[in-house]
Amino acid sequence: MDLTRRSLLAGAAALAISAGPLNTLARAATRTRKVLVIGLDGVLLSRVRDADAPHLKSLMAQGLTATSSLYAEPLAPTLSGPGWSTVLTGVWPDKHNVKDNSFGGHSLAQYPDFLTRIETAKPRLSTYAVASWNAITDTILSSRVDTRISTPAAEYDAGTTSRAVARLRNSNPDAVFVHLDDVDHAGHSQGAASQAYLDAIHGVDSRVGEIVTAVRSRTTYASEDWLIIVTTDHGHTDAGGHGGSSWPERQTFVIATGGTTTPGSVRYDVKLTDVAASALAHLGIPINPAWALDGRPLSQAAPDDFDALRTQLQGPMDETLLGTKVVGFTHTPPPGWSVDNSSMGAAGVTEWRGWTFTTDEFWTKAAPDQERESNVRARNVFAVADGDEWYDMDLTGTFDSTLVSPAWPVTGGKTATLSYVTHYRQESPQKGEVLVSYNGGTPISVQTYTSDVISRAEKLQLNVPAGATDVRVRFRYTGENNWYWAIDQVRVTAN
């Protein structure tokens, strides 16, 4: 079947060439889409930039580069089991339920890996995986995958690479996952600040070069559209090790070329869960909402109003422990938004007086290990009301601040959906309230938070009154020296 399909594609391409000015579009339409995901265990992108790593740096120049951060306990530790499960399934640990490297109580049958989803949706496609860490091919990937190879320990990354190269050169896979482990071993034995770690990155870079060359030297490569993604599962400390909540341990990245990626682009809205979603989308497999994926395809970026504030973020003022190099907060809302602090107390920690727009790095470094790291479904810049941090300096009054959206169009007598991502920790007398007002009228409460809601995507149905033409959304947070509320990706859509 594959040979026949390739022959037909070759014929179509030849006709396209003869069509004159339309030949480029015709060739693009007939190219066979394929996916290669290379997982590099325990690699810090900051150290890749320091290392002799020409192949990885070339991929960065040819496509997009995105850094992101992981969760920490209690969602899951920064270990390989949760990390690779997140990459391969496209959901966070609160769904796949892999909490450590034992995989006890996992939900991988409910949230299978992307190769398994490919087999279910398009069983004619050829799927292949080879891994130096055998738990990936033995446990995370299901038996539905056409070929799963757990590299013998004696062969390790050399064996993994030679097998991947042979498969890519000599057969016709459609989706490939390759896992390499050497850098993680160097991190454990010598630490991420060591020369040994840089040397291991240089070594794995050479292996990545071999694998990518195998793709690009295929005789059918000109008629193929390869999406190549390189990613990692966690970072490492300077001294060596991971599993904790420090910023270096939580570091991850995605490098991607091919498909719709833009050469030399840098993004801040990409998460590890996007790897699986991107692979599926590139292969033309629609993402079923019933799968409840947390990832979204790289090709379907959906920046919200808060993300536009990234260039306006400033360094710390009262949060001196952050250091001067961490830039990540502003009180200036995006156009159309406003913050009502008319009932807000005075003084306190400047960064957190009223609703603040911030990033994961700034917020979690300001107050680590208080579950701010669990805000995994927020992306890029998000909004925070943090009474806990505000109370860390002398102040008067209480925390009472309201974030107000622009007026969004709605149709009277119809329904609309208010969607947003929320991360809320509760301690009495704190309260978070969502209110809506139509045509500038009296705000109506549609949701109240008085118990923990850990990183959840919300969808609230709004029954739009007759005659209404617009709606504003208000997020009001009140409390004393309690916890916090983070929101992101706020939208109102007509049903």
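## Confidence in the model

Over residues 1–27 the pLDDT stays under 50, and for this stretch the model has 15 contacts beyond four places in sequence. The structure is a predicted model, and for the protein as a whole the mean pLDDT is 94, with 94% of the residues reaching 70 or more.

## A six-stranded sheet

Six strands form an open sheet with antiparallel pairing, and their order is β9-β12-β13-β22-β17-β20. At the edges lie β9 (329–330) and β20 (453–463), each of which pairs on one side only. In general, the strands of a sheet pair through backbone hydrogen bonds, either parallel or antiparallel.

Strand β17 (residues 415–425) and strand β22 (residues 484–494) run antiparallel and are joined by nine bridges. R425 has Y484 in β22 as its bridge partner, while the charged end of R425 sits over the ring of W483, 4.0 Å from the centre of that ring.

## Nonpolar cores

The largest nonpolar core has 50 residues, and those with the most contacts inside it are W355, L403, L418, F475, W485 and V490. Several elements each supply at least two residues of this core, among them helix α13 (360–366) and the strands β13 (382–386), β15 (399–404), β17 and β22. The largest share, six residues, comes from β22.

Leaving aside residues up to four places away in sequence, V490 touches D304, F306, W337, W408, L418, S419, Y420 and F475. Another core, of 47 residues, lies apart from the largest one and includes V37, F103, L115 and I118.

## Aromatic rings

A search of the whole structure finds 20 aromatic pairs. One of them joins W390 and Y391, whose ring centres are 5.2 Å apart and whose planes stand at 90 degrees, so this pair is edge-to-face. W390 has a relative accessible area of 0% and is therefore buried, since buried means under 20%.

F399 and Y477 also form an edge-to-face pair, with 5.1 Å from centre to centre and 90 degrees between the planes. This pair links distant parts of the chain, because F399 belongs to strand β15 and Y477 to strand β21, 78 residues apart. F399 is buried, with a relative accessible area of 0%, and Y477, at 0% relative accessibility, counts as buried.

One aromatic cluster is formed by W355, Y420, Y424, Y449, F475 and W485. Elsewhere, R310 lies over the face of Y268, at 3.9 Å from the ring centre.

Key. Residues numbered from 1 in each chain as written. Predicted model: local features only at pLDDT ≥ 70, side-chain atom pairs only at ≥ 80, totals over all residues. Heavy atoms only, no water. pLDDT = per-residue confidence, 0-100. Contact = heavy atoms within 4.5 Å. Pairing = 2+ DSSP bridges. Helix = DSSP H or I, 4+ residues; strand = E, 2+ residues; numbered from the N terminus. Core = buried A, V, L, I, M, F, W, Y, C linked by side-chain atoms within 4.5 Å. Buried < 20%, exposed > 50% of the residue type's maximum accessible area, 1.4 Å probe, protein only. Phe/Tyr/Trp six-rings, centres within 6.5 Å; stacked < 30°, edge-to-face > 60°. Lys NZ or Arg CZ within 6 Å of the ring centre and 35° of its normal.
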